[in-house]
Amino acid sequence: MVRFDKIEEAFSFVNSAPYGEHRAWLCLENGEILWFSESLDFEEQENVENRLEHGKWIEIPHKNDLGAGKRIVFQFAAENLSPEDFRKVERFFSHRGAYGNFKNLLHTHGLLEAWYEFSDRKETEALKQWLADEEIPNE
(Lines give C-alpha, C1' and ligand atoms only; values in the text may rest on other atoms or scores of the structure.)
Protein backbone atom coordinates (compact mmCIF):
# COMPACT_ATOMS: atom_id res chain seq x y z
CA MET A 1 0.00 0.00 0.00
CA VAL A 2 1.36 3.40 -0.94
CA ARG A 3 0.96 6.58 1.07
CA PHE A 4 -1.39 9.12 -0.50
CA ASP A 5 0.98 12.01 0.23
CA LYS A 6 3.66 10.34 -1.94
CA ILE A 7 1.21 10.00 -4.83
CA GLU A 8 0.07 13.57 -4.30
CA GLU A 9 3.70 14.74 -4.38
CA ALA A 10 4.22 12.96 -7.71
CA PHE A 11 0.96 14.46 -9.01
CA SER A 12 2.21 17.94 -8.07
CA PHE A 13 5.48 17.26 -9.88
CA VAL A 14 3.66 16.14 -13.03
CA ASN A 15 1.59 19.33 -12.96
CA SER A 16 4.49 21.68 -12.22
CA ALA A 17 5.46 21.94 -15.89
CA PRO A 18 3.68 22.06 -19.24
CA TYR A 19 1.74 18.92 -20.12
CA GLY A 20 4.07 15.97 -20.75
CA GLU A 21 7.29 17.67 -19.68
CA HIS A 22 7.26 16.06 -16.22
CA ARG A 23 6.02 12.52 -15.78
CA ALA A 24 5.91 10.03 -12.92
CA TRP A 25 4.98 6.37 -12.59
CA LEU A 26 3.82 4.33 -9.62
CA CYS A 27 4.93 0.71 -9.28
CA LEU A 28 1.85 -1.33 -8.46
CA GLU A 29 4.00 -4.05 -6.91
CA ASN A 30 5.97 -2.08 -4.32
CA GLY A 31 4.71 1.54 -4.32
CA GLU A 32 7.95 2.97 -5.72
CA ILE A 33 7.62 6.14 -7.77
CA LEU A 34 9.79 6.92 -10.80
CA TRP A 35 10.26 10.56 -11.75
CA PHE A 36 10.96 11.78 -15.28
CA SER A 37 11.66 15.22 -16.68
CA GLU A 38 12.53 16.33 -20.19
CA SER A 39 15.43 18.17 -18.55
CA LEU A 40 17.12 14.93 -17.44
CA ASP A 41 20.23 14.03 -19.35
CA PHE A 42 20.08 11.17 -21.86
CA GLU A 43 21.55 8.60 -19.49
CA GLU A 44 19.04 9.43 -16.74
CA GLN A 45 16.13 9.30 -19.21
CA GLU A 46 17.34 5.94 -20.49
CA ASN A 47 17.58 4.63 -16.91
CA VAL A 48 13.93 5.56 -16.24
CA GLU A 49 12.82 3.95 -19.52
CA ASN A 50 14.74 0.75 -18.68
CA ARG A 51 13.20 0.59 -15.19
CA LEU A 52 9.70 0.89 -16.68
CA GLU A 53 10.28 -2.30 -18.69
CA HIS A 54 10.36 -4.34 -15.48
CA GLY A 55 7.44 -4.49 -13.08
CA LYS A 56 3.89 -3.23 -13.21
CA TRP A 57 3.79 0.57 -13.52
CA ILE A 58 0.96 3.04 -13.93
CA GLU A 59 1.53 6.62 -14.98
CA ILE A 60 0.49 9.34 -12.54
CA PRO A 61 -2.02 11.45 -14.45
CA HIS A 62 -1.82 15.14 -15.26
CA LYS A 63 -4.73 17.16 -13.88
CA ASN A 64 -5.97 17.67 -17.45
CA ASP A 65 -6.22 13.88 -17.82
CA LEU A 66 -8.58 13.91 -14.84
CA GLY A 67 -10.78 16.69 -16.18
CA ALA A 68 -9.53 18.96 -13.41
CA GLY A 69 -8.37 21.78 -15.65
CA LYS A 70 -10.88 24.13 -17.23
CA ARG A 71 -13.83 22.26 -15.70
CA ILE A 72 -12.94 23.45 -12.21
CA VAL A 73 -12.24 26.97 -13.48
CA PHE A 74 -15.77 27.20 -14.83
CA GLN A 75 -17.23 25.62 -11.70
CA PHE A 76 -15.45 28.15 -9.48
CA ALA A 77 -16.43 31.04 -11.76
CA ALA A 78 -20.08 29.96 -11.79
CA GLU A 79 -20.16 29.75 -7.99
CA ASN A 80 -18.24 32.94 -7.22
CA LEU A 81 -18.58 35.47 -10.05
CA SER A 82 -21.39 37.44 -11.61
CA PRO A 83 -22.89 36.17 -14.87
CA GLU A 84 -21.08 38.98 -16.68
CA ASP A 85 -17.72 37.98 -15.20
CA PHE A 86 -18.46 34.32 -15.92
CA ARG A 87 -18.86 35.21 -19.61
CA LYS A 88 -15.50 37.00 -19.45
CA VAL A 89 -13.92 33.82 -18.10
CA GLU A 90 -15.45 31.82 -20.95
CA ARG A 91 -13.93 34.29 -23.42
CA PHE A 92 -10.55 34.10 -21.66
CA PHE A 93 -10.42 30.38 -22.27
CA SER A 94 -10.80 30.73 -26.01
CA HIS A 95 -7.45 32.56 -26.23
CA ARG A 96 -3.84 32.28 -25.07
CA GLY A 97 -3.05 33.55 -21.59
CA ALA A 98 -6.36 32.36 -20.19
CA TYR A 99 -5.13 31.41 -16.70
CA GLY A 100 -3.27 34.70 -16.29
CA ASN A 101 -6.35 36.69 -17.27
CA PHE A 102 -8.52 34.54 -15.01
CA LYS A 103 -6.21 35.04 -12.03
CA ASN A 104 -6.06 38.79 -12.67
CA LEU A 105 -9.87 38.93 -12.64
CA LEU A 106 -9.99 36.94 -9.41
CA HIS A 107 -7.38 39.24 -7.87
CA THR A 108 -9.51 42.30 -8.63
CA HIS A 109 -12.43 40.62 -6.81
CA GLY A 110 -10.31 39.44 -3.88
CA LEU A 111 -10.92 35.80 -4.79
CA LEU A 112 -7.45 34.58 -5.71
CA GLU A 113 -6.74 32.81 -2.41
CA ALA A 114 -10.21 31.21 -2.50
CA TRP A 115 -9.43 29.97 -6.03
CA TYR A 116 -6.19 28.33 -4.92
CA GLU A 117 -7.94 26.56 -2.05
CA PHE A 118 -10.82 25.45 -4.30
CA SER A 119 -8.47 24.26 -7.03
CA ASP A 120 -6.29 22.29 -4.61
CA ARG A 121 -9.35 20.63 -3.05
CA LYS A 122 -10.85 19.69 -6.44
CA GLU A 123 -7.55 18.33 -7.76
CA THR A 124 -7.11 16.22 -4.63
CA GLU A 125 -10.67 14.88 -5.03
CA ALA A 126 -9.96 14.03 -8.68
CA LEU A 127 -6.71 12.25 -7.75
CA LYS A 128 -8.46 10.24 -5.04
CA GLN A 129 -11.18 9.27 -7.51
CA TRP A 130 -8.51 8.17 -10.01
CA LEU A 131 -6.92 5.96 -7.34
CA ALA A 132 -10.30 4.42 -6.54
CA ASP A 133 -11.09 3.88 -10.23
CA GLU A 134 -7.70 2.20 -10.73
CA GLU A 135 -8.18 0.19 -7.52
CA ILE A 136 -4.87 1.39 -6.12
CA PRO A 137 -4.81 0.96 -2.34
CA ASN A 138 -3.43 3.94 -0.46
CA GLU A 139 -3.32 5.34 3.02
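Q: Is Lys 122 buried or exposed?
A: Burial is judged by relative accessible area: under 20% is buried, over 50% is exposed, and anything in between is partly exposed, using a 1.4 Å probe and protein chains only. Lys 122 has a relative accessibility of 19%, and therefore counts as buried. This is a predicted model, in which local features need pLDDT of at least 70, side-chain atom pairs count only at pLDDT 80 or more, and totals for chains, interfaces and linings use all residues. Residues are numbered from 1 along each chain as its sequence is written, and side-chain values use heavy atoms, with hydrogens and water left out.

Q: Where does Lys 122 lie, and which residues is Lys 122 in contact with, leaving aside its neighbours within four places in sequence?
A: Contact means heavy atoms within 4.5 Å. Lys 122 belongs to helix α6, residues 112-133. With neighbours within four places in sequence set aside, Lys 122 is in contact with Ile 72 and Gln 75.

Q: How many helices and strands does the chain have?
A: Helices (H or I, at least four residues) and strands (E, at least two) are DSSP runs, numbered from the N terminus. Here the chain has 6 helices and 3 strands, and their order along the sequence is α-β-β-α-β-α-α-α-α.

Q: What box do the C-alpha atoms of the chain fill, and how much of the chain is made up of buried residues?
A: Taken along the principal axes, the box is roughly 55 × 35 × 20 Å. Of the 139 residues in the chain, 37% are buried. Contacts can also be sorted by separation in sequence: among those between residues at least 6 apart, 60% join residues at least 24 apart.

Q: Which residues touch the most other members of the largest nonpolar core?
A: A nonpolar core is a set of buried Ala, Val, Leu, Ile, Met, Phe, Trp, Tyr and Cys residues joined through side-chain atoms within 4.5 Å. The largest one has 18 residues, and those touching the most other members are Ile 7, Leu 26, Ile 60, Trp 130 and Ile 136. At least two residues each come from α1 (4-14), β1 (22-27) and α6, and α1 gives the largest share, 5 residues. For Ile 60, leaving aside neighbours within four places in sequence, the contacts are Ile 7, Ala 10, Phe 11, Val 14, Ala 24, Trp 25, Leu 26 and Trp 130. Another core, of 16 residues, lies apart from this one and includes Val 73, Phe 86, Val 89 and Leu 106.

Q: At what angle do helix α4 and helix α5 pack?
A: Axes are lines fitted to C-alpha atoms, for helices over the stretch in contact, and angles run from 0 to 180 degrees between N-to-C directions. Helix α4 (residues 83-92) and helix α5 (residues 98-108) pack at about 160 degrees, with axes 9 Å apart. Angles under 35 degrees count as roughly parallel, over 145 as roughly antiparallel, 65 to 115 as roughly perpendicular and the rest as oblique. The pair α4 and α5 is therefore roughly antiparallel.

Q: Which residues of α4 meet α5?
A: From α4 come Asp 85, Val 89 and Phe 92, which meet Ala 98, Asn 101, Phe 102 and Leu 105 of α5.

Q: How are α5 and α6 placed relative to each other?
A: Their axes come within 7 Å and cross at roughly 125 degrees, and α5 and α6 are therefore oblique to each other. Phe 102, Lys 103, Leu 106 and His 107 of α5 make the contact with Leu 112, Trp 115 and Tyr 116 of α6.

Q: At what angle do the axes of helix α3 and α5 cross?
A: The axes of helix α3 (residues 70-80) and α5 cross at roughly 20 degrees and come within 13 Å, which makes α3 roughly parallel to α5. Lys 70, Val 73 and Phe 76 of α3 meet Tyr 99, Phe 102 and Leu 106 of α5.

Q: What is phi of Glu 135?
A: Most residues other than glycine have a negative phi. Phi of Glu 135 is near 55 degrees, a positive value in a residue other than glycine. Glu 135 is in the segment after α6 and is exposed, with a relative accessible area of 69%.
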